[in-house]
Amino acid sequence: MRIVRTVAEMRASRPQGGTVGLVPTMGALHAGHEALLQAARAECDCVVMSLFVNEAQFASGEDFARYPRDEERDARIAEAAGVDILFAPPADELYPPGFRTWVEPNEEGLEAEFRPGHFRGVATICLKLFNIVRPQRVYFGQKDAQQVHVVLRMLRDLNLDIDLRTLPTVRDADGLAFSSRNALLTPEERELALALPRALQTGDPALARELLDGLDVDYVAIADFEQRVLAGAIRIGSTRLIDNVPLEGETR
Ligand code: PAJ
């Protein structure tokens with residue numbers, strides 16, 4: 001596996017022929033990321049994983065500074081998963097002095113409401129990564145269903161010829177969706193967090209809200225993304241968790 005730090009080196013490393021698959025991540029890799037890497041490995045000739053904690057998608061006061069980072073561990077996991085190129089640039093390589101052009105997805109509701117500017121940061125970094133790596137396929141997790149929705153619309157609106165694959169949410173044995181932020185939870189907080197998947201699995205917003213009674217809930221709502229889902233976001237201490245469960249028989 002080659003580790004690449006600059007845009008120029010990334011462009012030079014990309015093979016000319018064959019299918020290039022990109023898995024964008026912010027690192028602190030877990031089984032959810034590994035499922036994306038496995039799918040990319042099975043379907044592409046060259047697998048690129050990006051590792052970049054994108055400050056632009058964190059609103060001020062959010063957890064950018066305490067976001068878990070361990071590049072050595074991530075590199076080991078990526079290599080074991082068969083990644084060919086790990087693209088891990090420093091921040092000023094992607095946002096050099098003078099940077100001021102943004103993609104504005106104009107998304108509303110749910111995450112867009114509680115994280116102002118979040119999807120602008122996500123769409124901008126994704127478009128930059130797509131332009132730098134020039135993948136034919138990109139891999140995203142259903143765990144962030146609204147992110148998939150926003151990126152798919154950007155691909156359509158801006159006429160990008162890229163095939164987006166969405167992989168199902170990978171959960172730990174206790175039902176909690178894998179998330180890099182789970183590492184920030186104390187054992188007691190993790191126990192409380194289990195209420196989120198349990199609530200969403202009822203498929204019923206009113207019942208879900210009852211099961212989350214006493215917790216700090218940002219929203220619980222049915223959302224019509226590519227699939228109809230029951231989505232929720234809660235705060236446990238200083239950690240914010242999101243999850244969603246597809247509503248059966250309502251695939252659109
Ligand atoms: P990150 O949170 O690292 O997630 C990278 C990818 O892994 C996303 O597509 C996300 O949906 C997927 N993922 C996370 N948890 C998952 C789980 N439990 N099961 C399946 N897939 C899961 O999402 C981002 O980074 C960033 O916003 C990014 C797209 C990299 C742009 O900065």
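Two salt bridges cross the interface of domain 1 and domain 2, a salt bridge being a side-chain nitrogen of Lys or Arg within 4 Å of a carboxyl oxygen of Asp or Glu. The side chains of Glu111 and Arg240 also meet in a salt bridge, at 2.8 Å from N to O. The structure is a predicted model, in which local features need pLDDT of at least 70 and side-chain atom pairs count only at pLDDT 80 or more, whereas totals for chains, interfaces and linings use all residues. Residues are numbered from 1 along each chain as its sequence is written, and side-chain values use heavy atoms, with hydrogens and water left out.

Domain 1 covers 2-167 and domain 2 covers 180-244; these bounds come from an automatic or database domain assignment. Their C-alpha centres lie 24 Å apart. In domain 1, 22 residues are in contact with 18 residues of domain 2 (heavy atoms within 4.5 Å). About 1,800 Å² is buried between the two domains, and carbon and sulfur atoms give 52% of this area. Buried area is the accessible area (1.4 Å probe) that two parts lose on being put together, summed over both. Arg66, Leu110 and Phe114 supply 34% of the area that domain 1 buries against domain 2, more than any other three residues. Ten residue pairs are in polar contact between the domains, both residues at pLDDT 80 or more. A polar contact is a pair of N or O atoms within 3.5 Å; within protein, one must be able to donate a hydrogen and the other to accept it, and residues adjacent in sequence count only if both atoms are side-chain atoms.

Phe58 is buried at 9% relative accessibility (buried is under 20% relative accessible area, exposed over 50%, partly exposed in between; 1.4 Å probe, protein chains only). Tyr67 is buried at 7%. Phe64 is partly exposed at 22%.

Arg69 lies over the face of Phe64, 4.7 Å from the ring centre. Such a charge has NZ of Lys or CZ of Arg within 6 Å of the ring centre and within 35 degrees of the ring normal.
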